[in-house]
Amino acid sequence: MKSATTPQSLASVAASRETKKPGTMPIGSGLEARGVHAWFGKKHALKDVTLDFAAGTVTALIGPSGCGKSTFLRTLNRMHEFIPTAALAGEVLLGGKDIYAPGTDVTKIRLRIGMVFQKPNPFPSMTIGQNVLSGLKLAQLKVSHQDDLLEECLVRAGLWDEVKDRLGEHASALSGGQQQRLCIARSLAVRPEVLLMDEPCSALDPGSTFRIEQTISELSQSMTIVIVTHNMQQAARVSDYSAFMLSDGGPGELIEVAPTNELFSRPRDKRTEDYVTGRFG
Amino acid sequence: MSTSTESTTAVATPGYPWEPTLKEKRGKFLVFVAALLASIALLFGTGLNGKLGWVIGFFLSFTVISFAYEYRRAGKPAAQDSLLTSISRFAIFLAVVPIVSIIVTVVVKGWRGLHWGLFTQDMSQATVNDPITNGGMLAAIVGTLVMVSLALLFTLPISILTALYLTEIKGKFARPIRFLVQAMSGVPSIVAGLFILSSIVYPITGQRNGLMGALALSILMIPTVARTAEEVLLLIPNDLREAGLALGATQWRTVAMVVVPAVKSGLVTAIILGIARVIGETAPILLVSGGGEATNFNPVSGPMGSIPYYVWKAFLLGGTEESSQRTWAGLLVLLAWVLILFTIARYISTRTQKR
């Protein structure tokens with residue numbers, strides 16, 4: 001019985017991790033979504049999501065395709081508004097302040113809340129080294145020890161050993177997995193407090209996926225991470241908390257959020273249980 | 001290790017099993033020969049004559065014979081296939097012949113008119129009917145260089161910024177402006193000349209000079225450069241823009257540091273296509289630049305010639321062997337400029353595609 005064994009293994013994977021308690025990691029800022037709705041034109045894509053991301057934790061957003069996970073993620077650093085027909089309701093609090101409040105400098109928000117995309121997207125006109133430091137130039141930040149920062153970011157992204165002798169090469173010379181870790185390094189260079197990851201491993205092979213999961217674990221020592229994933233094994237491996245989202249044809253909703261080992265071993269909602277046991281989705 | 005693996009590795013040689021067999025090749029050759037014979041028969045038996053008649057006759061008979069051959073060999077679908085292939089070949093032939101013919105004619109006829117003085121003397125001391133060694137194209141070359149460079153200076157910021165407005169800012173007026181820019185690229189060049197003449201030369205400056213010529217050329221150049229630039233900007237994946245914005249950059253910084261560097265070669269191509277569009281323009285130059293004979297580097301004072309103007313004048317005022325040689329030599333120089341520019345554009349765009 002395959003469906004019967006899956007939850008057990010997921011739960012055991014999740015149980016092997018220590019769940020960080022909110023407030024025990026006094027670093028960075030937490031992120032709080034308060035009653036977030038999102039629309040594309042007339043289509044209501046996301047309904048009333050209220051969710052806390054405590055500082056220093058990793059939260060996985062799981063759910064079937066089209067349930068609004070990515071849309072929700074993009075509302076968290078104001079990338080949602082780049083879609084021409086987009087609309088929004090609700091608040092997203094970073095360190096207690098609404099990032100959608102009038103007068104907020106949106107570029108500062110995106111500096112504090114970084115993002116890694118589904119497809120690796122290094123800048124093709126820049127070298128590997130320039131890519132890592134591109135955020136500083138783009139946001140016009142001054143840093144005194146650029147070489148140290150470059151090395152630190154690549155080490156933290158788990159890419160330093162592979163590229164330290166070829167920093168002057170173009171980023172397109174790297175493999176897909178390396179490019180994605182380069183993109184992670186690039187987002188680290190501006191020292192964000194929160195890192196949003198939109199299915200960062202969906203285009204990668206298992207080896208690269210493993211490296212990136214290691215990277216996530218190391219990064220979670222010093223920042224808050226929100227990761228969208230289709231891979232429940234991955235959610236079980238890397239996250240402290242998991243949030244299950246679902247759309248029944250209408251707007252996507254948050255069904256359940258819990259510490260990851262609880263969500264996989266003792267889901268409270270029937271729909272969550274159906275999903276994590278592989279009965280649908 | 002199984003024996004079958006060993007035997008395959010032992011005898012394997014690279015082959016081309018998809019190539020036509022000898023029999024098929026022979027069949028194709030026979031069709032060709034038959035078409036050749038039929039076309040000669042047509043030449044003698046019907047009203048068709050001359051080289052063009054023979055070419056048409058050959059294509060007609062080749063189409064019919066290969067259709068019949070394929071029909072017998074492999075049935076109706078194969079025959080239809082051969083019909084389409086034959087017609088496409090004929091179309092290609094019709095498209096290429098005039099181009100090749102122009103280039104060959106200009107090179108053969110213009111070659112004899114080339115001499116070193118062409119690039120060091122102007123026509124201020126000579127008339128078009130003088131011996132070809134008297135006078136040259138210096139005034140024309142300088143005029144073309146000055147006017148095209150000035151036009152480029154005006155066009156570059158306007159057209160690149162227009163393209164950025166259409167693709168990056170996507171403002172409220174993007175749709176009507178895109179439509180206007182597309183419509184503008186069809187404006188006849190003499191209209192551009194008349195526009196500058198009636199809006200600037202007559203009411204304001206009262207003087208024909210190189211600057212007026214450059215303005216008229218700019219009107220023709222802007223739509224070409226803006227459209228090409230817009231097309232290359234649209235090829236940039238949105239991921240890159242989002243990556244820049246997600247790093248906390250403003251839109252301007254993202255465009256300047258991520259988007260534009262990624263399409264640099266495309267923008268160079270756009271500029272070169274724009275230059276090639278206007279370098280051979282005669283009508284607006286004729287109307288507004290005054291068409292001088294003396295070498296003039298100053299665009300705001302005195303008339304200025306250009307290469308097309310030189311060609312036009314030698315053709316119109318001449319009638320002798322010398323003026324005809326001047327015309328062809330001028331055409332050769334102009335054609336060489338255009339071909340060189342296109343070659344550079346092709347080189348730049350293919351080189352970046354590979355990377």
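Me: Across which strands does helix H7 of chain A lie, and at what angle does it run to S6(A)?

Reply: Helix H7 (residues 176–188) of chain A lies across S6 and strand S7 (194–198) of chain A, and runs at about 170 degrees to S6(A). Axes are lines fitted to C-alpha atoms, for helices over the stretch in contact, with angles from 0 to 180 degrees between N-to-C directions. This is a predicted model, in which local features need pLDDT of at least 70 and side-chain atom pairs count only at pLDDT 80 or more, while totals for chains, interfaces and linings use all residues. Residues are numbered from 1 along each chain as its sequence is written, with chains lettered from A and ligands numbered from 1 in the order in which they are written.

Me: How many helices and strands does chain A have, and what makes a stretch count as one?

Reply: Chain A has 11 helices and 10 strands.

Me: What makes S6 and S10 of chain A edge strands?

Reply: The open sheet has six strands in the order S6-S7-S8-S3-S9-S10 (chain A), with mixed pairing. Strands S6 (113–116) and S10 (253–259) each have a single partner strand, so one side of each lacks a neighbour in the sheet. On average, neighbouring strands here are turned by 20 degrees against each other, direction ignored.

Me: How do you know that S9(A) pairs with S10(A)?

Reply: Pairing requires that DSSP finds at least two bridges between the strands. Strand S9 (residues 241–246) of chain A has six bridges to S10(A), and the two run antiparallel. A:Tyr241 stands opposite A:Pro259, and A:Ala243 opposite A:Val257. Their hairpin has six residues between the strands, with A:Gly249 at a positive phi near 100 degrees.

Me: Why is B:Gln207 called partly exposed?

Reply: A residue is buried with 20 or more other C-beta atoms within 10 Å of its own, exposed with 12 or fewer, and partly exposed in between; C-beta atoms are placed from the backbone. B:Gln207 has 14 such neighbours, so it counts as partly exposed. B:Gln207 sits in the loop between helix H7 (189–205) and H8 of chain B. In chain A, 47% of the 281 residues count as buried.

Me: Which residues does A:Leu196 touch, and what makes a contact?

Reply: Two residues are in contact if their C-beta atoms, placed from the backbone, lie within 7 Å. Leaving out residues up to four places away in sequence, A:Leu196 touches A:Leu73, A:Leu76, A:Asn77, A:Ile113, A:Gly114, A:Met115 and A:Val226.

Me: How many residues does each chain bring to the contact between chains A and B?

Reply: Chain A gives 22 residues and chain B gives 17. On chain A, helix H3 (106–112), S6 and helix H4 (128–138) each supply at least two residues of the side that touches chain B.

Methods. Helices (H or I, at least four residues) and strands (E, at least two) are DSSP runs, numbered from the N terminus.
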